[in-house]
Amino acid sequence: MKELSAKGDLLHIWASDPLIRERGESGGAVTALLKFALEDGIVDAVLGVERGADIYDARPVFITDPGEVIKTAGSIYGGTLLLSKHFGKYLDSAKGLKIAATLKGCDVMGVYEQAKRDLLNLDNVLMIGLNCGGSITPAMMRRIASEIFEVDPYLVEKESMYKGRFHITYDGLHKDIPINELEERGYGRRSNCRRCKMKIPRQADLACGQWGVRKDLVGRATFVEVCSGRGADLVSRALDAGAIGIDVPDAACIKARKRREEAILNLADKWRERDFTPLENSRERLKRMMEETSRCIKCYTCIEVCPALFNTIKPYITSFPGKIPPEFGFHLLRYAHVGDSCIDCGQCEELCPVDIPNALFMHAIEADLEALYGYHAGEDMSRPVAAIMEDPDVQDVELRRERKGSNNSRRPKRATTKHT
Ligand code: SF4
Ligand code: SF4
Ligand code: SF4
């Protein structure tokens, strides 16, 4: 078959099937590609997200019947799932099945962190990356509807975030507010999402989203970056089979996409500055960590949900038996264990039953280590800093230090922790 697409292509893509176009977000490109991958035998299954009981409820779904892929059509902003851990926990690490998965930036980073730890066979995972401006917990979604918009949350038919604004539609009406304003008022995205800079996951096979779509195609096409040969093969085959239509975005679209990305990365830098500054002084940081973790009930959730930690629970059980709250060493072990590999997915904070800001602490440690060593967790298969430190070939570390920063530099330009 003639290669119709290549790595590096930037494309507008839409589904050929009118039902998928109607049900899918932005022309249904992702749904059409997933369905085609399953029909064509490129993969054995699809891992995605479907709407659950209501618009605030996102649930993971594992699909082997192409006819069911349409269940994953559309975006859900209220879900705060991390799909990457499902491979290691429930899908036998994708050893025996080829799986196509729709993955946000943190999901893709989690996939890489699991693959580094031999918990996932990367060769068997086709990564359909999704642009992500952030997610909001279902409880916060309901509060925004009732307290900001004064609308019964159960009347809301759709919520979305685009062009820097949060939107709801209900009863044939529409309301929106700038995300900035929402967050200044104490509402909005999860705190880890505010700091997140993996908004376009280009280490996936495809990176798909709305940013940069030409005006006349808004809502009818998805902007797709073809990031790998495998992604190009999927697009080529789907195009050849008539499953999708494509168009090439012009320079203005690409510029608009870049502007959008820069704006959200700048916002992330501001949030990092705001969140990390109170932790700059190491004595203050330690004090705050000890205070906050003193209410830990040792439920192990922060370990079990972490894509870099979840198979390492044993030392936590055996080293800290019988005491609640556990000694601070319980948390120090986590910081030491995963500090260099934290992808800021937020799961350990969001699911902590006593609201300890675990992700904030871990991300602050990760950001300092990154500033020192230039290692970005979740970007590729390179080894974590601690693993390199144990390696006699320490030159590797020097190489990392010299590595040019990418747009995912996880720390705004400022001094690192002041040690006192
Ligand atoms: Fe999206 Fe990043 Fe939040 Fe993940 S951590 S949901 S990629 S903003
Ligand atoms: Fe402690 Fe929270 Fe972790 Fe549970 S999730 S072990 S309460 S820090
Ligand atoms: Fe995610 Fe927390 Fe693990 Fe970091 S430490 S990767 S925020 S679960």
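How do the residues of the shell around ligand 2 divide into nonpolar, polar and charged? I looked up the classes and found 10 nonpolar, three polar and one charged.

**Ground rules**

I am working from a predicted model, where local features need pLDDT of at least 70, side-chain atom pairs count only at pLDDT 80 or more, and totals for chains, interfaces and linings use all residues. Residues are numbered from 1 along each chain as its sequence is written, chains are lettered from A and ligands numbered from 1 in the order in which they are written, and side-chain values use heavy atoms, with hydrogens and water left out.

**Ligand 2**

I went on to the neighbours of ligand 2. It is surrounded by 14 residues, and the closest are Cys296, Cys299, Tyr300, Cys302 and Cys352. A residue is near a molecule if one of its heavy atoms lies within 4 Å of it. Helix H11 (301–304) and helix H13 (329–338) are the elements that give two or more residues to this shell. I take helices (H or I, at least four residues) and strands (E, at least two) as DSSP runs, numbered from the N terminus.

Cys352 is buried, at a relative accessible area of 11%. Tyr300 is buried too, at 17%. Buried means under 20% relative accessible area, exposed over 50%, and partly exposed in between (1.4 Å probe, protein chains only).

I place Tyr300 in the loop between helix H10 (282–293) and H11.

Glu150 also has a positive phi, of about 55°, although it is not a glycine. Glu150 lies in the loop between helix H5 (138–148) and strand E6 (156–162). I found Glu150 exposed, at 69% relative accessibility.

I then noted a cis peptide bond, from Ile324 to Pro325, with omega near -5°. Pro325 belongs to the loop between helix H12 (314–319) and H13. I logged these entries because most residues other than glycine have a negative phi, and most peptide bonds are trans.

**Ligand 1**

Which residues come nearest to ligand 1? I count 13 residues around ligand 1, and Cys106, Cys132, Gly134, Cys193 and Cys196 come nearest. Helix H4 (105–116) and helix H7 (191–195) are the elements that give two or more residues to this shell. By class, the shell around ligand 1 has five nonpolar, four polar and four charged residues.

**Ligand 3**

Where does ligand 3 sit? I find ligand 3 in the largest cavity. On a 1 Å grid over the protein atoms alone, a cavity is a set of points where a 1.4 Å probe fits but cannot get out. A molecule sits in a cavity if more than half of its atoms lie within 2 Å of its grid points.

I listed the residues around ligand 3: Cys306, Pro307, Cys342, Ile343, Asp344, Cys345, Gly346, Cys348, Ala359 and Met362. By class they come to eight nonpolar, one polar and one charged.

**Cysteines**

How many disulfides are there? I get zero disulfides, with a disulfide taken as a pair of cysteine sulfur atoms within 2.5 Å. Cys253 is in no disulfide, and the nearest cysteine sulfur, that of Cys208, is 16 Å away. Cys253 is buried, with a relative accessible area of 4%.

**Single residues**

I looked up Trp271 in helix H9 (residues 251–276). Trp271 is buried, with a relative accessible area of 8%. Not counting residues up to four places away in sequence, Trp271 touches Glu183, Arg189, Arg194 and Arg195. Contact means heavy atoms within 4.5 Å.

Asp176 is in strand E8 (residues 173–178). I found Asp176 partly exposed, at a relative accessible area of 27%. Leaving aside neighbours within four places in sequence, Asp176 is in contact with Phe149, Arg165, Phe166 and His167. Asp176 and Phe149 are 27 residues apart in sequence and 8.2 Å apart in space, C-alpha to C-alpha.

My last entry is Arg383, in the loop between helix H15 (358–373) and helix H16 (385–389). Arg383 counts as partly exposed, at 33% relative accessibility. Arg383 and Arg117 are 266 residues apart along the chain, and their C-alpha atoms are separated by 9.7 Å.

Technical notes. 1 Å grid on protein atoms, 1.4 Å probe; cavity = no way out; pocket = protein on both sides within 12 Å on 5 of 7 lines; lining within 4 Å. Nonpolar A, V, L, I, M, F, W, Y, C, P; charged D, E, K, R; others polar.
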